Amino acid sequence: MSAPAATIGQTEAVVPGTQFDEATLERYLVGAVPGFSGPMAVDQFQGGQSNPTFLLTTPDAKYVLRRKPAGVLLASAHAVDREYRITRALFEAGLPVPEPLVLCEDLDVIGTMFYVMRHVPGRGFWDPRMPQLSPAERAAVYDSANDTLARLHRVDYAALGLADYGRPGNYFVRQISRWTRQYEASRTIDIPEMDWLAEWLPGAIPPSDERTTIIHGDYSFHNLLIHPTEPRVAAVIDWELSTLGDPLGDLTYHMMEWFRPEGVDVRGTLRGADLTALGIPTPEAYARTYCERTGFDVDPTHPFYTAFNLFRVAAILQGIAGRARDGVQTAANAGEIIQRIRPLALAAWHSAREAGAG
């Protein structure tokens, strides 16, 4: 597993297979986005985004375009219209998200649905140890990430017109079912541990008070843009997996930074790290701060959540494997991504055993 760049956000030339008619796009944006004027340069953000993402640079401003990938897609996947809707609502509510500017459903423009948002400068970190920062800066970044998540989970989603954005209740049951279906639909090899997990997880969900909030769905440091010079969250990006659900879904996934086993994810882990020296809170302290900010009484440290989140990531990566199999490859490093699926499944089953699986 090759090491990623220290920070996220680097761009490259547009990857073959994701190109579009840039002149047609520019003409469309001149009429659709107030103040937009060319000439426009197009680059593509590196990484394994499910929805290909591009940087549009003009003499006066920068913009970001996210589009559906071409080809046959799994049902409900790559819903850029949902991304546009949620970011529009949250931007208007004052949450730190990029300003969405236009959603285009006309396939004649670039061949797929897309939306354009204003570019937010910032740093995205792969490594949760953030070696470029001082301990004080790390402490501030972690506190800002905690506060941002708590703010999101306190939003009155009904008041924002988002009461129909997802189904309340039974969040983990529904999520396990969803990712099991995706895994089966895109299965390329047999991994017994994934089958065992799919059978065990639904009956092993820890009892807790069911709450319904907006869920980001992929709340991790690689989707948090940290201000270029200040240790605070400037924007939360990539809302493709957002829905309504139990906030524990977001919190426990985010806290995988502490519990993720070594070597199963390119993002690394805090497991075994000297947290005091790094200036990073313990998972227990981080959870307490979140609970103080939200008023929720939750325990995100149960090993079930580690098993569930590793299973979920493995199923997501299996979707990439399926697209590669079908010739719809959206990540240049798809082959490397596919190699992570089995180790994730093995690690998930190990955590399931810790939680009482037979």
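Biologist: What should I know about the numbering and the model?

Modeller: Residues are numbered from 1 along each chain as its sequence is written. The model is predicted, so local features need pLDDT of at least 70, side-chain atom pairs count only at pLDDT 80 or more, and totals for chains, interfaces and linings use all residues, while side-chain values use heavy atoms, without hydrogens and water.

Biologist: How do you know what confidence the protein has on average?

Modeller: From pLDDT, the predictor's confidence in each residue, from 0 to 100. The protein averages 90, and 92% of the residues score at least 70. Over residues 1–5 the pLDDT is below 50. Beyond near neighbours in sequence, that stretch has 12 contacts in the model. Contact means heavy atoms within 4.5 Å.

Biologist: Why is the pair Arg 66 and Asp 238 called a salt bridge?

Modeller: The term asks for a side-chain nitrogen of Lys or Arg within 4 Å of a carboxyl oxygen of Asp or Glu. In this pair the closest N and O atoms are 3.0 Å apart. Therefore Arg 66 and Asp 238 qualify. The pair links distant parts of the chain, 172 residues apart. Arg 66 is in strand 5 (residues 62–67). Asp 238 is in the loop between strand 11 (233–236) and strand 12 (243–245). Helices (H or I, at least four residues) and strands (E, at least two) are DSSP runs, numbered from the N terminus.

Biologist: What makes Arg 66 and Asp 238 count as buried?

Modeller: Buried means under 20% relative accessible area, exposed over 50%, and partly exposed in between, with a 1.4 Å probe and protein chains only. Arg 66 has 4%, so Arg 66 is buried. Asp 238 has 18%, so Asp 238 is buried too.

Biologist: What makes Arg 293 and Asp 147 a salt bridge?

Modeller: Their side chains meet at 3.6 Å, N to O. The cut-off is within 4 Å, so the pair counts. Arg 293 lies in helix 10 (residues 283–294) and Asp 147 in helix 4 (residues 135–154), 146 residues apart.

Biologist: Why are Arg 293 and Asp 147 called partly exposed?

Modeller: Arg 293 has a relative accessible area of 25%. Asp 147 has 27%.

Biologist: How do you know whether Asp 190 is buried or exposed?

Modeller: Its relative accessible area is 56%. That is over 50%, so Asp 190 is exposed. Asp 190 also forms a salt bridge with Arg 187 at 2.8 Å, N to O. A network of salt bridges links Glu 184, Arg 187, Asp 190 and Asp 195. The structure holds 15 salt bridges.

Biologist: What makes strand 4 and strand 5 a pair?

Modeller: Two strands pair if DSSP finds at least two bridges between them. Strand 4 (residues 53–57) and strand 5 have five, so they pair, in the antiparallel sense. Leu 55 has Val 64 in strand 5 as its bridge partner. A hairpin joins the two strands through four residues.

Biologist: Which strand do five bridges join to strand 5 in the antiparallel sense?

Modeller: Strand 7 (residues 114–118). Arg 66 stands opposite Tyr 115 there. Strand 5 is mostly covered, with five of its six residues buried.

Biologist: Why is Gly 319 called buried?

Modeller: Gly 319 has a relative accessible area of 2%, under 20%, so the term applies. Gly 319 is found in helix 11 (residues 303–325). Leaving aside neighbours within four places in sequence, Gly 319 is in contact with Gln 182 and Ser 186.
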